[in-house]
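Okay, thanks for making time, everyone. Let me put the thing up on the screen and then talk you through it.

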Amino acid sequence: EISYNTLSAIWPYLISNNVLVNTRKIGKQEMFKLNMENQAVKELLKFYNSLIRNIIGEDSKEQVAVER
């Protein structure tokens, strides 16, 4: 979870560094998504995936692959 105050403080940084990109505008609302082309986003996702692999464990990963 993240508080509104924290998010509003870092939001301009995320947009100016192309971590978030504007996808469209609906009325007064702007829609954003992660910029998958950004190197920082790629590294963050790589780190997240490695954490998940460590939590699940390599044995579980192999067992799921065998079951398919």
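Predicted model: local features only at pLDDT ≥ 70, side-chain atom pairs only at ≥ 80, totals over all residues.

Residues are numbered from 1 along each chain as its sequence is written, and side-chain values use heavy atoms, with hydrogens and water left out.

So, the fold. The protein chain has three helices and two strands, and reading from the N terminus the order is α-β-β-α-α. Helices here are DSSP runs of H or I with at least four residues, strands are E runs of at least two, and both are numbered from the N terminus. Of the 68 residues in the protein chain, 9% are buried. By buried I mean under 20% relative accessible area; exposed is over 50%, and partly exposed is in between, with a 1.4 Å probe and protein chains only. Now contacts, meaning heavy atoms within 4.5 Å. If you take those in the protein chain with a separation of 6 or more, 0% come from residues 24 or more positions apart.

Next, the aromatics. How many aromatic pairs does a search of the whole structure find? One. It's Trp11 with Phe32: ring centres 5.2 Å apart, planes at 90°, so edge-to-face. The rule is that rings of Phe, Tyr and Trp (its six-membered ring) pair if their centres lie within 6.5 Å; planes under 30 degrees apart are stacked, over 60 edge-to-face, and the rest tilted. Trp11 sits in helix H1, residues 4–16, and Phe32 in strand S2, residues 29–34, so this pair ties together parts that are 21 residues apart in sequence. Trp11 is partly exposed at 29%, and Phe32 is partly exposed too, at 26%.

Asn35 is buried at 15% relative accessibility, and Asn38 is buried at 13%. Look where the side chains go: Asn35 reaches the backbone nitrogen of Glu37 at 3.1 Å, while Asn38 reaches the backbone nitrogen of Ala40 at 2.7 Å. Leaving out residues up to four places away in sequence, Asn35 touches Asn18, Val19, Val21 and Val41. On that basis, Asn38 is in contact with Asn17, Asn18 and Val19.

On to charges. We count one salt bridge, taking that as a side-chain nitrogen of Lys or Arg within 4 Å of a carboxyl oxygen of Asp or Glu. The partners are Glu43 and Lys46, with the closest N and O atoms 3.6 Å apart. Both are in helix H2, residues 39–56, and being three residues apart, they're separated by about one helical turn. Glu43 is partly exposed at 40%, whereas Lys46 is exposed at 55%.

Last bit, the surface. The protein chain exposes about 6200 Å², with 56% of that from carbon and sulfur atoms; areas are Shrake-Rupley with a 1.4 Å probe, and for residues only the protein chains shown count as cover. There's a nonpolar patch made of Tyr48, Ile52, Ile55 and Ile56, together about 420 Å² of accessible area. Patch residues need over 30% relative accessible area and no salt bridge; like charges are joined within 9 Å, and nonpolar side chains (Val, Leu, Ile, Met, Phe, Trp, Tyr) within 5 Å. Ile52 lies in helix H2 and is partly exposed at 32%.

Definitions and conventions
Polar contact = N/O pair within 3.5 Å; in protein donor to acceptor, adjacent residues only side chain to side chain.
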